[in-house]
Amino acid sequence: MAIITKITAQKRKGRYNIFLDNQYAFAVGENILIRYGLFKGQEVDAQLQKQLQQAEQQDKAYNLALNYLSRQLRTVYEVMTYLHQHDVTHDVACAVVKRLCEQHYLNDQNYADSFVRTMYHTSDKGPYIIQRKLKQKHVADAVIAQALLQFDESRQLLNATTSVNKLAQHYRHDAFKTQQRKIYQALINKGYSSDIVKQAIAQADLQVDAEQQQQLLIQTGTKLLRRYQALDPKTRHQKILRALYQKGFSFDDAQAFLATYDHEN
């Protein structure tokens, strides 16, 4: 059985070197020194030495995790991943995470609740995108479902309607029908349900600017006429009608544009 023959303070505050039988054995933090009541002349068997080294590893990992958590909220999975990336063994990481959870420094429900609130206040993302982001952080489905209760239909509709108006401005140079289709798809991609998207578009009450749409039809049709000018008239008309329809103009408006062109030429 070894004897502690010397305990010396390191230059690094709160760290101490332990000498067994006049030979350096290992270093411990001040809290380990106090917790185990280490003193000069104390007998240290192999089991106690192992306990001290394990406690030291856990304390280092604990402080590492605390520093990581001090920057922002984290999930259990994120902390475990961070510790593994810093060569902390799985058993030690599990012990640290358990300790942090018991001390309420780590709580996936708190994380999810905060994440959902931040997302619906500061982003244009709908619940499905938020759910996906939380699942990527390995948050449990039941925890996500509880957090998403905050983002109820009224809040979703408010955010989605705001997005509709912004998107309408973004797609203002498209035919009205195409504009609505793009707005619908954009909101679906942002994580809103089809029902919420339809309600938001209806609530936004987008109005057709007939003069702007007519100018857009003429501009688009004129470009198509130049593109297909080398074709025979029948083929050219068929391609232009199809192209204008695909771009969101009505068949009647497309025909009216071509009739005007034919009359003028």
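1. Start with the loop between helix 6 (127–136) and helix 7 (141–148), where H138 is found. The phi angle of H138 is near 60 degrees. That is a positive value in a residue other than glycine. The model is predicted, and local features such as this one need pLDDT of at least 70.

2. D205 also deserves a look for its backbone. Phi of D205 is near 50 degrees, positive again, and D205 is not glycine. D205 sits in the loop between helix 10 (194–204) and helix 11 (210–227).

3. Next, the salt bridges. The count comes to eight. One of them joins the side chains of R99 and D59, at 3.6 Å from N to O. The partners come from distant parts of the chain, 40 residues apart. R99 belongs to helix 4 (residues 90–102), and D59 belongs to helix 2 (residues 46–71).

4. How does cover differ across this pair? D59 is buried, because its relative accessible area is 5% and the buried class covers values under 20%. R99 has 28% relative accessibility, so R99 counts as partly exposed.

5. A second bridge joins the side chains of K125 and D124, at 3.1 Å from N to O. K125 is partly exposed, with a relative accessible area of 27%. D124 is partly exposed as well, at 26% relative accessibility.

6. A further bridge is formed by the side chains of D174 and K182. The N to O distance is 3.2 Å. K182 has 33% relative accessibility and therefore counts as partly exposed.

7. Which residues form the positive surface patch? They are K223, R226, R227 and K247. K247 lies in the loop between helix 12 (233–246) and helix 13 (251–264). Its class is partly exposed, because K247 has 42% relative accessibility.

8. Now the annotated domains. UniProt lists residues 61–100 as "domain: RecX first three-helical", in an unreviewed entry. In the model, the span 61–100 is 80% helix and 0% strand. The end C-alpha atoms of residues 61–100 lie 11 Å apart.

9. The unreviewed UniProt entry also has "domain: RecX third three-helical", placed at residues 165–201 and 211–258. Residues 165–201 are 76% helix and 0% strand, with end C-alpha atoms 9 Å apart. Residues 211–258 are 81% helix and 0% strand, and here the end C-alpha atoms are 18 Å apart.

10. One more position to check is Q185, in helix 9 (residues 176–189). Q185 has 40% relative accessibility, so Q185 counts as partly exposed. What separation do the C-alpha atoms of Q185 and V197 have? They are separated by 8.9 Å, with the two residues twelve apart along the chain.

Definitions and conventions. Residues are numbered from 1 along each chain as its sequence is written. Side-chain values use heavy atoms; hydrogens and water are left out. Patches are made of residues with over 30% relative accessible area and no salt bridge: like charges are joined within 9 Å, nonpolar side chains (Val, Leu, Ile, Met, Phe, Trp, Tyr) within 5 Å. Accessible areas come from the Shrake-Rupley method with a 1.4 Å probe; for residues, only the protein chains shown count as cover. A salt bridge is a side-chain nitrogen of Lys or Arg within 4 Å of a carboxyl oxygen of Asp or Glu. Lys and Arg count as positive and Asp and Glu as negative; His and the chain ends are not counted. The place of a charge is taken as NZ of Lys, CZ of Arg, CG of Asp or CD of Glu. Helices (H or I, at least four residues) and strands (E, at least two) are DSSP runs, numbered from the N terminus. Buried means under 20% relative accessible area, exposed over 50%, partly exposed in between (1.4 Å probe, protein chains only). UniProt positions are given in the numbering used here, feature names are shortened, and annotations may be inferred rather than shown by experiment.
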